[in-house]
Amino acid sequence: VGGEVIGVGTALELMRNPQSITGRFLLKPLLHPLHPPRVVNRHTPAIQINSATLHNLKKVTVRIPLARFTAITGVSGSGKSTLARDVLHVQLAVLLSKNNSIKTNTYKALSNWQAVDRVLEVDQTPIGKTPRSCPATYVGFWDTIRRLFAEVPEARMRGYSASRFSFNTNGGRCETCEGQGMRKIEMSFLPDVRVACETCRGARFNADTLAVLFKGKSAGDVLRMSVDGAAEFFSAHPSIHHALTLLQEVGLGYLTLGQQSPTLSGGEAQRIKLVTELAKVRILPSPPGTREHLQRSRGAGGEGRRGNQTLYVLDEPTVGLHMADVEKLIRVLHRLVDAGNTVVLIEHNLDVIADADWIIDLGPEGGDAGGRIVAQGTPQDLARLPKRSHTSRVLAAFLATRSVGRNA
């Protein structure tokens with residue numbers, strides 16, 4: 001449903017165009033917070049980073065609140081990536097690793113990390129290593145779809161199991177393209193060209209497999225469906241429909257289930273990874289961050305055991321995203337936190353920063369002039385001290401017109 005020019009002109013002209021989503025967001029930008037703020041105080045459980053000195057960090061000691069949404073901010077070169085990725089992510093991964101031989105220079109920089117069971121960096125790298133990788137296989141609901149096809153009477157009569165409908169193994173896939181749906185043609189002195197497989201015509205499966213129909217559709221037809229179309233097609237199948245609905249909620253309803261991973265943008269790949277994580281979580285009934293909530297997230301057994309809480313690290317996930325997609329991303333991140341997880345992201349986008357529960361601002365400048373904590377607190381805390389840092393100054397001006405209860 002895309003690919004059309006729906007507006008041309010000045011920003012004011014776009015704002016008057018009811019068909020333009022861009023114009024709509026320019027006319028009525030997001031108001032913050034989108035989600036009720038979660039309390040952060042000295043009683044909030046937190047991971048402690050102690051006297052970190054990696055790269056340009058200057059003995060940085062700071063608390064990362066658990067079960068909260070934290071934004072690491074600051075000008076370019078201020079030490080954000082070093083703090084979030086090289087210290088927090090890497091060192092926590094070492095502490096959680098069963099390989100005790102792994103040691104790094106800042107191994108002792110973290111304390112009070114035992115409530116976290118897993119740490120994951122959600123980046124924009126491709127979702128798979130081969131062209132066979134696609135949203136349906138990465139998120140995981142293709143396995144359920146394969147079982148549905150295997151239960152069709154035609155499949156039972158032919159003796160087909162669910163493995164017959166996998167394009168990653170021999171038997172049911174098209175062997176001409178090895179289940180990729182495309183063939184690579186090497187060109188002398190030119191980049192390789194990919195064309196649709198002449199045998200399966202992009203369907204990925206051989207003729208015998210494609211003869212099995214589920215609700216009138218073959219496995220190849222299902223892979224060609226958009227997420228939006230598939231959500232309606234599988235509405236009676238909760239596990240599949242849930243995953244497809246999540247993909248819609250992050251703005252990926254236009255993707256096809258079998259879209260090859262190399263054709264996905266970095267932002268699309270990152271949102272698919274977030275959906276994969278979101279599909280795993282269970283929203284806990286007690287308020288996030290409370291003692292009961294943390295105990296529930298740790299599971300039965302109580303003290304001394306790791307929980308099932310994940311700490312997610314993201315590095316500027318809004319790069320390349322439209323304003324409408326940024327809103328969807330913010331809501332997805334809040335849902336991860338509502339499930340008892342911790343989100344830490346490096347960000348420059350003010351819409352994201354304004355919706356964080358806690359901000360850690362590095363600076364005051366970049367390079368040797370950075371590497372210090374110049375401000376930390378809620379978005380409102382920073383906005384009340386506009387002279388404290390560059391982030392505080394621009395955030396104060398931003399929230400002056402973008403806070404709930406004020407006129408945009």
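This report describes aromatic pairs, a helix packing and some backbone features in a predicted model.

**Aromatic rings**

A pair of aromatic rings is described by the distance of the centres and the angle of the planes. The count of such pairs in this model comes to eight. Two of them are set out in the table.

| Pair | Centre to centre | Angle between planes | Type |
|---|---|---|---|
| Phe 149 and Phe 214 | 5.8 Å | 55° | tilted |
| Phe 167 and Phe 205 | 6.0 Å | 65° | edge-to-face |

Where in the chain do Phe 149 and Phe 214 lie? Phe 149 belongs to helix α5, which covers residues 142-150, while Phe 214 is in the loop between α7 (207-210) and α8 (219-224). The two residues are 65 apart in sequence, so their pairing ties together separate parts of the chain. Phe 149 is buried, and Phe 214 is buried as well.

The pair of Phe 167 and Phe 205 also links distant parts of the chain, 38 residues apart. Phe 167 is in the loop between α6 (153-158) and β6 (182-185). Phe 205 is in the loop between β7 (193-196) and α7. Both of these residues, Phe 167 and Phe 205, are buried. The type of this pair follows from its angle: planes over 60 degrees apart count as edge-to-face, and here the angle is 65°. The pair of Phe 149 and Phe 214, at 55°, is tilted.

Some rings are joined into a group. Ring pairs connect Phe 149, Tyr 160, Phe 165, Phe 214, Phe 233 and Phe 234 in a cluster. The tilted pair of Phe 149 and Phe 214 therefore has both its members in this cluster.

Two arginines are placed over ring faces. Arg 164 lies over the face of Tyr 160, at 4.2 Å from the ring centre. Tyr 160 is one of the residues of the cluster. Arg 204 lies over the face of Phe 167, and its distance from the ring centre is 4.5 Å. Phe 167 is also the partner of Phe 205 in the edge-to-face pair.

**Packing of two helices**

At what angle do helix α10 and helix α11 pack? The angle is about 140°, and the axes are 10 Å apart. Helix α10 spans residues 238-249 and helix α11 spans residues 266-278. The angle makes α10 oblique to α11. On the side of α10, the contact is made by Ala 243, Leu 246 and Leu 247. On the side of α11, it is made by Ile 272, Val 275 and Leu 278. The crossing of these helices, α10 and α11, is right-handed.

**Backbone features**

In the bond from His 32 to Pro 33, omega is near 5°. Pro 33 is found in the loop between α2 (21-27) and β1 (46-52). The bond that joins Gly 363 and Pro 364 is cis too, with omega about 5°. Pro 364 is located in the loop between β10 (358-363) and β11 (372-377).

Positive phi values are the last topic. Ser 51 is not a glycine, yet its phi is positive, near 50°. This residue, Ser 51, is in strand β1. Lys 59, also not a glycine, has a positive phi of about 50°. Its place is in the loop between β1 and β2 (60-65).

Is Lys 59 buried or exposed? Lys 59 counts as exposed, because its relative accessibility is 63%. Ser 51 has a relative accessible area of 44%, so it is partly exposed.

Conventions:
Residues are numbered from 1 along each chain as its sequence is written. This is a predicted model: local features need pLDDT of at least 70, side-chain atom pairs count only at pLDDT 80 or more; totals for chains, interfaces and linings use all residues. Side-chain values use heavy atoms; hydrogens and water are left out. Rings of Phe, Tyr and Trp (its six-membered ring) pair if their centres lie within 6.5 Å; planes under 30 degrees apart count as stacked, over 60 as edge-to-face and the rest as tilted. Helices (H or I, at least four residues) and strands (E, at least two) are DSSP runs, numbered from the N terminus. Buried means under 20% relative accessible area, exposed over 50%, partly exposed in between (1.4 Å probe, protein chains only). A charge sits over a ring if NZ of Lys or CZ of Arg is within 6 Å of the ring centre and within 35 degrees of the ring normal. Axes are lines fitted to C-alpha atoms, for helices over the stretch in contact, and angles run from 0 to 180 degrees between N-to-C directions. Angles under 35 degrees count as roughly parallel, over 145 as roughly antiparallel, 65 to 115 as roughly perpendicular and the rest as oblique. A crossing is left-handed if the near helix is turned anticlockwise from the far one by less than a right angle, and right-handed if clockwise. Contact means heavy atoms within 4.5 Å.
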